[in-house]
Amino acid sequence: MKLQRMNRRALTLGALAVSGALALTACGSDDTGAAGDSGTSAAATAAAGDIKCDDAKGQLLADGSSAQKNAIDAWVKNFTQACNGVQVNYKGSGSGAGVTAFTQGTVAFAGSDSALKPEEVTASKKVCTDGQGIDLPMVAGPIAIAYNVSGVDDLALDAPTIAKIFDGKITNWNDAAIAKLNPDAKLPDLKIQPYHRSDESGTTDNFTKYLIAATPDNWKYEGGKAWQAKGGQSAAGSSGVAQGVKQTNGAIGYMELSYAKDGLGTVAIDTGAAAPVKASSDGATKAVAAAQVVGTGNDLSLKLDYTTKAEGAYPITLVTYEIACDKGNKAETLPATKAFLRYIASEQGQGILSGIDYAPIPDAIITKVRTTIEGLS
């Protein structure tokens, strides 16, 4: 694939223009896109003009990860501005729902924060004629642990304490374990109210993978997309968890960083590095840079190190995959699928991510993704 080049100044201005617009319009919802656009800057228009539409037309249906919904909204806005013959409808119902929709053949591609399981690959062969579903890592992001505790502006926790909080073993904010990690904080005598996802979620899968890897003695559950610990409050989607935490003094919950806004604090993770690490795009990039490609053939699924102690690396990081057929895509949606995936994997598409609290996929991996997209058939 020959990517059209932009000079760095134009790319930077385009990314800043898009992220600035999103700061005004995005509401952090799983159900709505970036609405209320009051106009497009010249830089954004130039960036959109470089998107290769090919013969893309019609409606492109997709569903899946709510964690990447804000990124998808930004991408769709730019893509459909350039390719006005295409309508992209991404529902963001959660990773589990997206994979199910894909294996049932009701969407052109799906987003998932977990790579396809063997049985899901087998199911995909029924809809991918002479092919199968493959994982294309497209966006990374830290899973923030957001909290709402009056009077506490800074909070550090380690893996054992986090596990005990979400498993109902630590139930009050002035618990000795939390106080030991935060000697300067004025921790209130207040009940902890942990929030988790009610729907099947790749965010849950990655969060619990971290707990299983980092503190196996304190997290005895098998993990997966469905929440398994007892107790706590539940809410649908990343936006639902964020809203629940925001409305409840004493609450704590896990969510993709772009939802941890509007008065919510985020926990710094004590990984054993010199200083606790807060959720950030840079921290996620450092974590993903050490990931290994473990997929075979055209599949590019990754293995992350949830126990990293590298300075500045944020350990609770997820990678969202776009899942598509390597062969056997429907003829009526293949041009639009390739054009959209080509754009979001491009230098322009990846360039807007850090400005909206996501992390781009490292060059060595995204280059393989671009090559794979061109071979979709």
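Modeller: Residues are numbered from 1 along each chain as its sequence is written, and side-chain values use heavy atoms, without hydrogens and water. As the model is predicted, local features need pLDDT of at least 70, side-chain atom pairs count only at pLDDT 80 or more, and totals for chains, interfaces and linings use all residues.

Biologist: What makes Arg342 and Asp54 a salt bridge?

Modeller: Their side chains meet at 3.0 Å, N to O. A salt bridge needs a side-chain nitrogen of Lys or Arg within 4 Å of a carboxyl oxygen of Asp or Glu, so the pair qualifies. Arg342 sits in helix α11 and Asp54 in the loop between α2 (42-49) and β1 (58-64), 288 residues apart.

Biologist: Why is Arg342 called buried?

Modeller: Buried means under 20% relative accessible area, exposed over 50%, partly exposed in between, with a 1.4 Å probe and protein chains only. Arg342 has 10%, so Arg342 is buried. Asp54, at 43%, counts as partly exposed.

Biologist: How do you know that Asp357 forms a salt bridge with Lys261?

Modeller: Good one! Their closest N and O atoms are 2.4 Å apart, and that meets the salt-bridge cut-off. Lys261, at 39% relative accessibility, is partly exposed.

Technical notes: Helices (H or I, at least four residues) and strands (E, at least two) are DSSP runs, numbered from the N terminus.
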